[in-house]
Amino acid sequence: MTRESLPGRRRCWVDVTENLDLGTLDAGATPGFRGEEASAREQTEVLRSQLVALQARLYAESRQRLLVVLQAMDTGGKDGVIRKVFSGVNPQGVRVARFERPSVSELARDYLWRVHGQVPAAGEIAIFNRSHYEDVLVVRVNSLVPRAQWKRRYRHIRGFERMLVDEGTTVVKIFLHIDRDEQARRLQARLDDPDRHWKFDPHDIEQRRHWDAYMAAFREAILQTHRPQAPWFIIPANHKWYRDWAVMNILVRTVARMNPQFPAATIDPASVRID
Ligand code: AMP
Ligand code: MG
């Protein structure tokens, strides 16, 4: 892939710094993008064809692995990103793992047990729709385990991700940031549309009351686990067209950097006779 065809060098995310304040961060911003929505959508399509081509190589090469962790508040757009960004990509090489409330058998084990089983295999992209981060987010906000217990988990998570990277997995973590008003609009839209009632979860209304506690929990999770080898990308996600463009950019850059190659032929094609 030539340099010209790679996405722009501009940052399409919010940098992680000590003074990160999710309460005041503009969720309607569009860092790294200037122009009209239509042009973002066009660019997203170009990026999609690049992602499709890169993923075909990753799969054929069958050596490297990519883990994409997606986190957001309820209605933040995780499902939308998965649907839109990964459509067209060969489903054989992509797997989505969804982490819901742990089952009895999952709760009977340590919190990373169910997560480790879902990491990508060689040649695969695994997308985590929620992840081990729930164990320092929903668990922390709702005091599902004592404070001393979740506090230790940042260290475990850093170690777990470090191990994955050391063993050859590329890890990127994406936080889709919407604000509280946007969440209200999206929840209302779910109530207004009978085809979306199935997505409405009264639990979301309850969790919404803890918005500030969630922002604090996200902030600490991001700051404690943002590492060069397993970085967080904070994407302002009120605008769905921007969100999709930005996530697509990050994925194309990431896989391009992995530089997957089609394996060389193990035979001389000219010498093979197909009768
Ligand atoms: P959804 O993603 O809409 O299907 O919702 C899944 C729900 O499972 C969310 O409310 C999450 O917060 C919850 N959840 C995911 N992981 C955990 C966990 N480790 N402990 C408790 N709740 C969780
Ligand atoms: Mg939900």
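A crossing of two helices is called left-handed if the near helix is turned anticlockwise from the far one by less than a right angle, and right-handed if clockwise. The legends below concern a predicted model, in which local features need pLDDT of at least 70, side-chain atom pairs count only at pLDDT 80 or more, and totals for chains, interfaces and linings use all residues. Residues are numbered from 1 along each chain as its sequence is written, and side-chain values use heavy atoms, with hydrogens and water left out.

**View 1. Helix α6 against helix α9.** The crossing of α6 with α9 is right-handed. Helices here are DSSP runs (H or I, at least four residues) numbered from the N terminus. The axes of α6 and α9 (residues 211–225) come within 9 Å and cross at roughly 40°, an axis being a line fitted to the C-alpha atoms over the stretch in contact, with angles running from 0 to 180 degrees between N-to-C directions. The pair is therefore oblique; angles under 35 degrees count as roughly parallel, over 145 as roughly antiparallel, 65 to 115 as roughly perpendicular and the rest as oblique. Contact (heavy atoms within 4.5 Å) is made by W150, K151, Y154, I157, R158 and E161 of α6 with E220, A221, Q224 and T225 of α9.

View 2. E161 belongs to helix α6, which spans residues 147–166. With a relative accessible area of 3%, E161 is buried (buried means under 20%, exposed over 50%, partly exposed in between; 1.4 Å probe, protein chains only). The side chains of E161 and Y133 are joined by a polar contact of 2.7 Å, that is, a pair of N or O atoms within 3.5 Å, of which, within protein, one must be able to donate a hydrogen and the other to accept it; residues adjacent in sequence count only if both atoms are side-chain atoms. Leaving aside residues up to four places away in sequence, E161 touches H132, Y133, K173, T225 and A230.

**View 3. Helix α1 against helix α10.** Helices α1 (residues 37–61) and α10 (residues 240–258) pack at an angle of about 30°, their axes 9 Å apart. The two are therefore roughly parallel to each other, and their crossing is left-handed. Among the residues in contact are L47, L51 and L54 of α1 and W241, W245 and M248 of α10.

**View 4. R209 in the loop between α8 and α9.** R209 lies in the loop that separates α8 (202–208) from α9. Its relative accessibility of 63% makes R209 exposed. From C-alpha to C-alpha, R209 and R180 are 9.9 Å apart in space, and they are 29 residues apart in sequence.

Definitions and conventions:
Chains lettered and ligands numbered in written order.
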